[in-house]
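Here are some notes to keep beside you as you look through the model. They go point by point, and each can be checked on the screen.

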Amino acid sequence: MSFLTGHSGAGKSTLLKLIMLMERSTQGNIIVGEQDLSRIPKRQIPYFRRHVGVVFQNHRLLYDRSVFDNVALPLEISGMHPRDIGRRVRASLDKVGLLRKEKLTPIQLSGGEQQRVGIARAVVNKPPILLADEPTGNLDPELSAEIMKLFAAFNQVGVTVLIASHDLALIHHMDYRVIELQAGQLLGKSSATMDQKYFEGGDHG
Amino acid sequence: MAEPSKHTGARTAIQASPLTNFVNHHFKVAKTTLRAQLNAPFATFFTCAVIGVALVLPILLSLLLSNLQAVNQHWDGSAQITLVLKQDVTALQGGVLSDTLSKKEHIKSSEFVDKGRALIEFKARFKFADALDFLDENPLPNVILVRPDKSFKTVEEVSTLKEILMRESGVESALLDVVWVQRLQSITQVLQKGLWIIVGMLGLIVTLVLGNTIRLAIENRKDEIVVMKLVGATHAFVRRPFLYMGMLFGFGGGVIAWFLVQGVIVILNQPIRELAHSYQSDFSLPVMDFGSTLILLIISVGLGWFSSWLAVHKHFDEIEPT
């Protein structure tokens, strides 16, 4: 599990988009799971994306469907049998603590709950990689910490997690690798403790 | 069916036949699409109605054409040339001429009709024939009825025969009772060409109307499409509901067209029968049978599918997650 930080415009989102093939690189190679992304033809992109779970800042849920249907979407897309879908969706909702709200629509949930639906959807496929773009952007610190703990839990069971965030205070509390970007360049890898320097510089915001 | 065992049940279920899942999925998409359309019954009905109305004209025309062609193919047995003999030709001479003609090439039979016999038949057939009693003498001429054999198929060939027979001595004039067939043939040809133009134009209308409806639907569900693409949906998966939508509209349009066509046929058949009767034909438009109904539905559903495929093809590439 790593964090991706940097000013807005530094290229955090772009890097995530490159990894999930929303954008294609114009030069260089991106290798994910020993697979060179520039070699994946356009038609294969959907199949690649099924191995990458993504959580968005604005959730990107479908508001005309129930929580259950939202989480079931990736499974339906990969052509799973409805009976197995039910089991997997409930397991996933259970992990994010929303098992009892499967029949509600996302509109009826709070921001934090909606984000957890987004996470449940991202992991329901059991992807080896989980990306999150500002997953706590709209949440208060308490909820944010909860969400981060959730990510850490997935990391514990072997999922590679990459989170783009500018919530430095929160990142600071967690002992994970931090990758900093500036104007598209990798500034340097630092552990959370080394990141102190960044705060002292005080030139962000 | 034997389950392997309770414990491995879950695993085998996940590996359930991809085909079964695929069919299930199609079924589900079709059902969802149908339900979504029925939730907006008026909008759905109007779209279907536009398609239905657009289909009526080509259907009617093609029904008419196929039935006219049937008439064209059956006339030849009844082709008959009537040779009207000059007044000074006696019954005996007429009989001899008839015999000579019947031995000629391409003539199947030839029958001499004496004017006295003709008068009796005429009186037997028409009520107002009593009026003939007021005339001093029989106004009817002696005639010879000539039937060409089967080697003459077209109106042109029979007409040539008529020209030749007219030159026989003693023949005043010759009547060929197939002028209406000739006219029918040229009308049929015009209609046939017209049919293709009308089919092309109305097909275009259906494609445009449906294409626009589907385009709006795609526009409305843009977010959904983006999300689906983000979580790994293939093009085929995303466009499936729209293709079903198109087919559904096509089907609805076909059903409406069917009812309209049946109605029009019932209304038109009375005057058509009267018209046909004046040409000694019992021609009328049959109502649509099972076969033509099936063809209608296949075409309308196919047209719906094609229209939405076009719309999807054109608008989908513009929707990419960003």
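1. Start with helix 4 (residues 91-102) of chain B, whose 12 residues reach 16 Å from the first C-alpha to the last, close to the 16 Å expected at 1.5 Å a residue. The expected span is 1.5 Å times one less than the number of residues. Helices (H or I, at least four residues) and strands (E, at least two) are DSSP runs, numbered from the N terminus.

2. A word on the source: this is a predicted model, where local features need pLDDT of at least 70 and side-chain atom pairs count only at pLDDT 80 or more, while totals for chains, interfaces and linings use all residues. Residues are numbered from 1 along each chain as its sequence is written, and chains are lettered from A and ligands numbered from 1 in the order in which they are written.

3. Which residues of helix 4 of chain B are buried? They are B:Gly94, B:Leu97, B:Ser98 and B:Leu101. A residue is buried if 20 or more other C-beta atoms lie within 10 Å of its own, exposed if 12 or fewer, and partly exposed in between, with C-beta atoms placed from the backbone. Seen down the helix axis, the buried residues fall within an arc of 100 degrees, so they line one face of helix 4 of chain B; the arc is that of the directions from the helix axis to the C-beta atoms.

4. That buried side packs against strand 1 (81-85), strand 2 (107-113) and strand 3 (143-148) of chain B. The face turned away from it carries the exposed residues B:Leu92, B:Asp99 and B:Thr100.

5. Helix 9 (residues 235-277) of chain B has 43 residues and reaches 59 Å from its first C-alpha to its last, close to the 63 Å expected. Do look at B:Asn269, where helix 9 of chain B has a kink of about 40 degrees, shortly before the proline B:Pro271. The bend at a residue is the angle between axes fitted to the seven residues ending there and the seven starting there.

6. Stepping back, chain B has 10 helices and 4 strands, and from the N terminus on its elements run α-α-α-β-α-β-α-β-α-β-α-α-α-α. Of its 322 residues, 24% are buried. The domain assignment, which is automatic or from a database, gives domain 1 (25-74 + 183-316) and domain 2 (78-177) of chain B. The C-alpha centres of these two domains lie 52 Å apart.

7. How many residues does each chain give to the contact? Chain A gives 18 and chain B gives 18, where two residues are in contact if their C-beta atoms, placed from the backbone, lie within 7 Å. On the side of chain A, helix 2 (45-49), helix 3 (67-77) and helix 4 (82-95) are the elements that give two or more residues.

8. A:Phe48 is found in helix 2 of chain A. This residue is partly exposed, with 17 other C-beta atoms within 10 Å. Leaving aside neighbours within four places in sequence, A:Phe48 is in contact with A:Leu21 and A:Ile40.

9. Finally, please check the loop between strand 4 (52-55) and helix 3 of chain A, where A:His59 sits. Most residues other than glycine have a negative phi. Phi of A:His59, however, is near 65 degrees, and A:His59 is buried, with 23 other C-beta atoms within 10 Å. A:Arg60, found in that loop too, has a positive phi of about 50 degrees and counts as partly exposed, with 18 C-beta neighbours inside 10 Å.
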